[in-house]
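Subject: The structure, and what turned up in it

Hi,

Here is the structure I promised to pass on. Have a look at it first, and then read on for what I found.

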Amino acid sequence: MSRYNWLMNKFLFSQYPNLILWAPFVIAFGALSYFAWPFEPVVAMPYIIAALCAACVVFAIRRFKQDQTHITYHLSLITLLLFGFGFFYATAFSQNLATPTVKRVLREIEITGRVENISYTAERTRIFVNLGASVDRSIPDNTIIRLSLKPEENIPRAGDYIKTTATLFKPEPANAPGSFDMAKFAYFKGFGATGFPHKEIEIVGAGAENNFRLKVIQLRTAIHDKIAAHNNIGATRLVDSLMLGHSGAIARDDYISAKTAGIGHIFSISGFHMTLIGGWFFVFFYFLFRCVPWLAARIPVRMPALMCSWICLLFYLQISGALVPSQRSFAMATIAMVAILFSRNLISLRNVCLTMGLLILINPNYVTDIGFHLSFSAIFGLVWLFGGRKFTGTRTRLQKIWRAVRDMFWATIIATIFTGPFIAYHFNDAQIYSIIGNMLCVPMFSILVMPLVLIGTVTGVLFGFYLPLDWAEIAFNFIISITDWVSTLPYAMLAVPRIPGISVVLFVIAALILMFVITKTKKEKLIKNIVIAIILFLITFSLLISKRPIFYSGQTGELVAFMTDSGRLQFNKSSSSNERMAFDSWDRLNGDINTEPRRPIGKGFAGEKYSVSCEDKVCTFTTPKWKLVYIQQFVPLYKNIGAICNSDTDFLVSFFRVNAPDCKVKMPRGPFVIYKSGRVEYSQTNRAWHQ
């Protein structure tokens with residue numbers, strides 16, 4: 001054996017105990033490859049294949065013998081099996097989910113069904129209605145629809161049977177590669193249509209079923225109604241956001257201001273909130289049990305305090321909607337409490353990895369969820385930073401304050417570094433002054449807003465005493481005034497063009513090497529740093545060579561966008577009822593944040609590289625390498641479309657379908673983009689969640 005092979009084997013043997021840290025990520029990469037697949041894979045019995053992969057992993061680990069097994073082949077086999085398990089498990093889970101979905105747009109149809117859930121936002125209330133057995137073939141049985149109601153409309157209670165006339169829309173796929181896929185979101189959230197009622201909702205009966213899930217939803221609704229009776233809109237929104245977990249409950253302008261300052265995460269229930277509430281309850285019960293002498297003399301009071309705190313966290317998890325970050329934090333809190341009870345290490349990367357693997361088994365789609373990414377990236381960074389810290393010696397009060405400020409500063413830095421790539425990937429923006437926002441606002445939120453909202457919710461619901469909520473709103477408004485100031489600083493929010501997925505994957509690999517790879521010598525540490533540097537170079541290179549599309553087309557071709565010489569997008573119309581989300585989505589993918597009123601393209605625009613000329617609703621887009629003709633509605637030129645196809649036109653995009661000779665190869669359909677080179681990239685439209 002050569003010296004290189006001997007050193008490599010020695011290194012791999014030293015890393016083998018960390019296999020449990022790497023395993024969840026390999027499984028996650030396998031699941032992620034399924035969701036990134038361009039078409040739905042045809043696999044027979046994927047659950048059985050996944051089970052066989054898991055069984056083979058267990059068998060390979062148990063049969064491993066250090067003196068007889070080649071470590072490189074052994075780890076390669078385990079990696080392949082774990083990757084296969086993630087891929088086939090995600091395939092089986094997604095295909096078996098089979099959320100019923102409407103087949104097309106249904107306008108002004110009469111619907112009856114049972115209210116399954118209610119969600120409150122700043123602008124409107126959303127109810128989720130199970131239609132049960134349907135007589136319309138376009139609506140499968142047991143389809144759950146999401147209806148958006150205006151604040152002044154009649155809001156039914158969870159469990160009520162309702163009747164109304166509504167327009168329903170089928171959830172659409174992403175309007176461009178890399179943008180938000182509403183069809184996928186709805187599929188994994190369990191509803192198959194969105195819409196709005198045309199007349200007042202009629203309640204035709206109350207549900208007889210009274211299961212645990214319905215009771216939790218009714219409790220959440222009762223808390224909202226009790227707080228809303230105080231007629232303080234700001235306080236109600238705080239309770240809806242911080243206690244009940246309703247997404248979008250904070251006013252849009254306030255949320256944008258907070259997001260620009262880098263503190264948008266504090267208005268979405270996550271581990272931060274679970275940690276605060278768990279800590280407060282532990283302190284409360286700890287001192288409560290200390291006041292019971294016969295109990296304190298017999299057992300350590302931390303044990304009943306931890307158990308009571310865990311029960312309170314479980315209750316909070318339920319009424320807050322059990323979001324992904326909350327599930328992660330609750331699982332971590334459970335593991336941490338068990339570790340404390342058995343005097344084990346409280347903070348460890350192993351515990352975080354076990355929690356991550358558990359959540360992937362619960363729902364493999366979590367690997368594509370922004371909450372999952374931000375939650376785990378932040379906690380991994382913080383555990384890596386503080387996990388090995390040991391506090392020795394006595395410190396003065398001033399030294400403790402300085403240590404707390406220093407730790408908060410470095411925690412903000414690390415959390416920003418670890419979460420920044422995911423924020424840029426999902427939202428196409430970056431907050432430059434997030435450190436300032438977090439340092440100024442998070443302590444005030446932790447000390448004032450969150451405890452006042454918790455206390456005010458309890459006192460308001462039980463005793464009708466709302467003063468703490470009024471104080472919480474005052475503190476909240478002061479925080480927003482700070483974020484408004486931060487938002488006015490130069491370049492507070494930077495738009496980021498679409499980031500290739502491979503760049504994010506490489507970043508994750510670099511972070512894993514940084515956290516998991518153990519180095520015992522200076523040479524190993526040098527090699528580790530070189531590998532990380534190479535990966536960072538590859539990330540930079542992939543970002544530099546990535547190109548922006550110069551033409552966008554939506555699902556139906558009703559809305560398109562052309563790039564101008566300045567790099568901005570020009571849309572063919574100023575509004576589109578069927579593709580409202582496409583405007584901001586395309587701008588952000590292009591690296592723009594548009595705050596100006598949109599104007600239709602009109603007669604077109606002139607440019608040295610890109611130009612558009614429009615006449616009789618027909619626009620010709622000319623670029624240095626190709627030419628495109630766009631027809632946005634039925635026009636007299638229909639009879640001449642064949643001539644257009646036979647001309648030097650490279651692409652023909654139309655709002656309506658065209659049957660003409662030689663046109664098929666020139667007419668891309670569905671959501672797609674075209675790059676400067678003429679390469680066409682399509683969005684996913686044929687996956688399990690698009691059927």
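Helix 6 (residues 212-228) has 17 residues, and at 1.5 Å a residue it should span 24 Å; its end C-alpha atoms are 24 Å apart, so the two agree. The expected span here is 1.5 Å times one less than the number of residues in the helix. Helices (H or I, at least four residues) and strands (E, at least two) are DSSP runs, numbered from the N terminus.

Please keep in mind that this is a predicted model, in which local features need pLDDT of at least 70 and side-chain atom pairs count only at pLDDT 80 or more, while totals for chains, interfaces and linings use all residues. Residues are numbered from 1 along each chain as its sequence is written, and side-chain values use heavy atoms, with hydrogens and water left out.

Back to helix 6. Its buried residues are Leu214, Val216, Ile217, Arg220, Thr221, Ile223, His224 and Ile227. I call a residue buried under 20% relative accessible area, exposed over 50%, and partly exposed in between (1.4 Å probe, protein chains only). The cover over these residues includes strand 1 (106-120), helix 7 (233-242), helix 11 (302-319), helix 16 (434-463) and helix 17 (467-487).

One of those covering elements, helix 16, also holds Thr459. Thr459 has a relative accessible area of 15%, so it counts as buried. Setting aside neighbours within four places in sequence, Thr459 is in contact with Gly464, Phe465 and Pro468; contact means heavy atoms within 4.5 Å.

Now for the protein as a whole. There are 21 helices and 18 strands in its secondary structure. The radius of gyration is 28 Å, close to the 26 Å that the globule rule gives for 691 residues, so the protein is as compact as a globular protein of that length. That radius is taken over C-alpha atoms, and the globule rule is 2.2 Å times the number of residues to the power 0.38. Along the principal axes, the C-alpha atoms fill a box of roughly 95 × 75 × 55 Å. Of the 691 residues, 49% are buried. Among contacts between residues at least 6 apart in sequence, 69% join residues at least 24 apart. The protein exposes about 35400 Å², and carbon and sulfur atoms supply 63% of that area (Shrake-Rupley method with a 1.4 Å probe; for residues, only the protein chains shown count as cover).

Which way do the neighbours of strand 15 run? Strand 14 (residues 618-622) and strand 15 run antiparallel and are joined by five bridges, whereas strand 15 and strand 16 (residues 651-654) run parallel and are joined by four. A hairpin of four residues links strand 14 to strand 15. Ile631 of strand 15 is the bridge partner of Val618, and Ile631 also stands opposite Ser654 in strand 16. Val629 has Leu652 of strand 16 as its bridge partner. Four of the five residues of strand 15 (residues 627-631) are buried, so this strand is largely enclosed by the rest of the structure.

The other is an open sheet of five strands in the order 11-10-9-17-18, with antiparallel pairing. Its edges are strand 11 (569-571) and strand 18 (680-682), each with a single partner strand, so one side of each is left without a neighbour in the sheet. From one strand to the next, the twist averages 20°. Strand 17 (residues 672-674) and strand 18 run antiparallel with three bridges, and Val673 has Glu681 of strand 18 as its bridge partner.

Met45 has a positive phi of about 55° although it is not a glycine, and lies in the loop between helix 2 (19-36) and helix 3 (46-62). Met45 is exposed, at 56% relative accessibility. Ala98, also not a glycine, has a positive phi of about 45°.

Best wishes

Key:
Pairing = 2+ DSSP bridges. Axes fitted to C-alpha atoms, helices over the stretch in contact; angles between N-to-C directions.
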